[in-house]
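User: I am new to this structure. Can you show me how to read its salt bridges and its nonpolar cores?

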Amino acid sequence: FERQLRDGEALVAATLAEQRVLIDRLSDEWSRLASEDPLTGVANRRAFDRQLAAMTDAANRDSRSGAVFALAFFDLDRFKLVNDGAGHGAGDIVLKRFADILRAGRRGDDLVARLGGDEFAILFAGIRPGNLRGVLDKLVTSVREENWTAIHDSLRMTVSVGGVHSDELHATQRTPASMLRVADERLYAAKRNGRDRAVAGI
């Protein structure tokens, strides 16, 4: 009887261990889905807001180079014409390809996010102020030079970008909202100035 009892206890322990592994896997998958854009696989707005808040707080507490960061908004120019002319299926492929371009241009700890529609953002961790404009210009060029005709004949895409570096704002004025506002204003400045360009203060 004691042997049967030990065997039963071992079986229960093994079953509980398997259930814990399954629960952990499901928890990890739920966390991933809760922070990931389902179409493009990049971070979603929720994950972006959380990371922006953390990076802003770190920059305000420690102004050393490791805590500085930059924020850039990206908006595909005339994207509505893609959906209207080529269909939403082609539009989805364009968004996926665009997300791939942004991912290819990020550095180690940078976060690429889709905020909604054709609006994307990157949080650049630890970037020096003088390097931001060059990084953004390269991404603008990559979008312009991408072979979009592979998706649809005569398709050509460009992007407008607004960027802001944390060093541009004094700690007393540096908040997620103020960073978002400046990046948004510069994005629309890029649109007004002819699209297919980046506007950044540094």
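Analyst: Start with the general idea. A salt bridge is a side-chain nitrogen of Lys or Arg within 4 Å of a carboxyl oxygen of Asp or Glu. Keep in mind that this is a predicted model.

User: Which residue forms a salt bridge with Glu 146?

Analyst: Arg 97 does, with the closest N and O atoms 2.8 Å apart. Glu 146 sits in the loop between helix H5 (129–145) and strand E4 (159–165), while Arg 97 belongs to helix H4 (residues 88–105), so the pair ties together parts 49 residues apart in sequence.

User: How accessible are Glu 146 and Arg 97?

Analyst: Buried means under 20% relative accessible area, and exposed means over 50%. Glu 146 has 25%, so Glu 146 is partly exposed. Arg 97 has 23%, so Arg 97 is partly exposed too.

User: How many salt bridges does a search of the whole structure find?

Analyst: The search finds 13. One of them joins Asp 77 to Lys 191, with 2.9 Å between the closest N and O atoms. This pair links distant parts of the chain, 114 residues apart. Asp 77 is in the loop between strand E1 (69–76) and helix H3 (79–86), and Lys 191 is in helix H6 (residues 176–192).

User: Are Asp 77 and Lys 191 buried or exposed?

Analyst: Asp 77 is buried, at 4% relative accessible area. Lys 191 is buried as well, at 17%.

User: What about Arg 107 and Asp 110?

Analyst: Their side chains meet in a salt bridge, 2.8 Å from N to O. Here the two accessibilities fall in separate classes. Arg 107 is partly exposed at 32%, whereas Asp 110 is buried at 6%. Salt bridges can also share partners: Asp 75, Asp 77 and Lys 191 are joined this way into one network.

User: Now the cores. Which residues touch the most other members of the largest nonpolar core?

Analyst: Phe 74 and Phe 124 do, in a core of 33 residues. Elements giving two or more residues to this core include E1, H3, H5 and strand E3 (119–125). H4 gives the most, with 7 residues.

User: What is Phe 74 in contact with, leaving aside its neighbours within four places in sequence?

Analyst: Among its contacts are Phe 98, Leu 102, Phe 120, Ile 122, Leu 136 and Val 161. Asp 118, Glu 119 and Ser 160 are also on the list.

User: Which residues does the second core include?

Analyst: Ala 43, Ala 113, Leu 169 and Val 182 are among its 20 residues, and this core is separate.

Terms used. Residues are numbered from 1 along each chain as its sequence is written. This is a predicted model: local features need pLDDT of at least 70, side-chain atom pairs count only at pLDDT 80 or more; totals for chains, interfaces and linings use all residues. Side-chain values use heavy atoms; hydrogens and water are left out. Helices (H or I, at least four residues) and strands (E, at least two) are DSSP runs, numbered from the N terminus. Buried means under 20% relative accessible area, exposed over 50%, partly exposed in between (1.4 Å probe, protein chains only). A nonpolar core is a set of buried Ala, Val, Leu, Ile, Met, Phe, Trp, Tyr and Cys residues joined through side-chain atoms within 4.5 Å. Contact means heavy atoms within 4.5 Å.
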